[in-house]
Amino acid sequence: MSYGGYNMYGDPQGGAGGYAQGYTAPPGAYPPQNSEIAPEVQQWFNMVDGDRSGKINCTELQAALANGKGQSFSETACKLMISMFDNDASGTIDINEFEKLFNYINQWLTVFKTYDRDSSGHIDEAELYQALTQMGFRFSQEFIQFLIKKNDPQNHKEVSVDQFIVLCVQIQRFTEAFRQRDTQQNGTITIGFEDFLTIAIGCSI
């Protein structure tokens, strides 16, 4: 699956699992095929599941995802995405959880592509402002600059797709916590110190 320099899971070579055509996997090399799982998802799962355990961990996911800059997704992004779909808190995801993650990444990639108009693999300050505004947020330019600086440690003044996902998920988490406390729906809240810490620690990535 690729787009303008993105290679989300790497293009599978030959049959499922990324092996060349003609390779015959030994019995038990792959988890049982699930007829309810889309064939494309099953194929990607087989490729990403490097140890054939039937589970995917953060390291395996990171090795399979590229962000359009020729770099792997950050460990932060991979841990975040694993945790969002890891229903049993095992630190890994199975094929059913992976299907949800697969669709989730594709949804974010579609959003990212909308604003990465030159297919460069990153979006700049103006494009990020447009993206967040389209999502319903009304942030100042100063805050947008802060977000980019926070998520772009190398100071390129741009964010890649994995940085974009982390940024948006974090904003959504804080927004939901804020809305729960904004009982008057006027955009302001009064908050105690412990409640503030609860939000900060609970929503941080």
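Ala 89 counts as exposed, at 66% relative accessibility, where exposed means over 50% relative accessible area, buried under 20% and partly exposed in between (1.4 Å probe, protein chains only). The structure is a predicted model, in which local features need pLDDT of at least 70 and side-chain atom pairs count only at pLDDT 80 or more, while totals for chains, interfaces and linings use all residues. Residues are numbered from 1 along each chain as its sequence is written, and side-chain values use heavy atoms, with hydrogens and water left out.

**Loop residues with positive phi**

Ala 89 sits in the loop that runs between helix H3 (75-85) and strand S4 (92-93); here helices (H or I, at least four residues) and strands (E, at least two) are DSSP runs numbered from the N terminus. Its phi is near 55°, a positive value in a residue other than glycine. Most residues other than glycine have a negative phi. Gln 185, which is not a glycine either, has a positive phi of about 55°; this residue is found in the loop between H7 and helix H8 (193-203), and Gln 185 is exposed, with a relative accessible area of 72%.

**The chain as a whole**

The protein chain contains 8 helices and 6 strands, which follow the pattern β-β-α-β-α-α-β-α-β-α-α-β-α-α along the sequence. Of its 205 residues, 39% count as buried. The chain exposes about 11,400 Å², of which carbon and sulfur atoms supply 50%, the areas coming from the Shrake-Rupley method with a 1.4 Å probe and, for residues, with only the protein chains shown counting as cover. Among contacts (heavy atoms within 4.5 Å) between residues at least 6 apart in sequence, 58% join residues at least 24 apart.

**Helices and what they pack against**

| Helix | Buried residues | Packing partners |
|---|---|---|
| H3 | Ala 77, Cys 78, Leu 80, Met 81, Ile 82, Phe 85 | S3, H2, S4, H4 and H7 |
| H5 (residues 125-134) | Glu 127, Leu 128, Ala 131, Leu 132 | H4, strand S5 (122-124), helix H6 (141-151) and helix H7 (161-181) |

In H5, the buried residues are Glu 127, Leu 128, Ala 131 and Leu 132. Seen down the axis of H5, these buried residues fall within an arc of 130°, so they line one face of the helix; the arc is that of the directions from the helix axis to the C-beta atoms. An α-helix has 3.6 residues a turn, so residues three or four places apart point the same way. The N-terminal end of H5 is capped by Asp 124, a side-chain oxygen of which lies 3.2 Å from the backbone nitrogen of Ala 126.

Rings of Phe, Tyr and Trp (its six-membered ring) pair if their centres lie within 6.5 Å, and planes under 30 degrees apart count as stacked, over 60 as edge-to-face and the rest as tilted. By this rule the count comes to 9 aromatic pairs. The rings of Phe 98 and Phe 102 have centres 6.2 Å apart and planes at 50°, so this pair is tilted. Both residues lie in helix H4 (residues 95-115), where Phe 98 and Phe 102 are 4 residues apart, about one turn of the helix, and both are buried. Phe 98 has a relative accessible area of 0%. The C-alpha atom of Phe 98 is separated by 7.2 Å from that of Phe 45, although the two residues are 53 residues apart along the chain. One aromatic cluster is formed by Phe 85, Tyr 104, Trp 108, Phe 112 and Phe 164.

**Helix H7 and the annotated segments**

Arg 179 lies in helix H7 and is exposed, with a relative accessible area of 59%. Its C-alpha atom is separated by 9.0 Å from that of Ile 189, 10 residues apart along the chain.

According to the unreviewed UniProt entry, the annotation "domain: EF-hand" covers residues 36-71 and 103-138; UniProt positions are given in the numbering used here, feature names are shortened, and annotations may be inferred rather than shown by experiment. Over residues 103-138 the chain is 64% helix and 8% strand, with the end C-alpha atoms 27 Å apart.

Terms used. A polar contact is a pair of N or O atoms within 3.5 Å; within protein, one must be able to donate a hydrogen and the other to accept it, and residues adjacent in sequence count only if both atoms are side-chain atoms.
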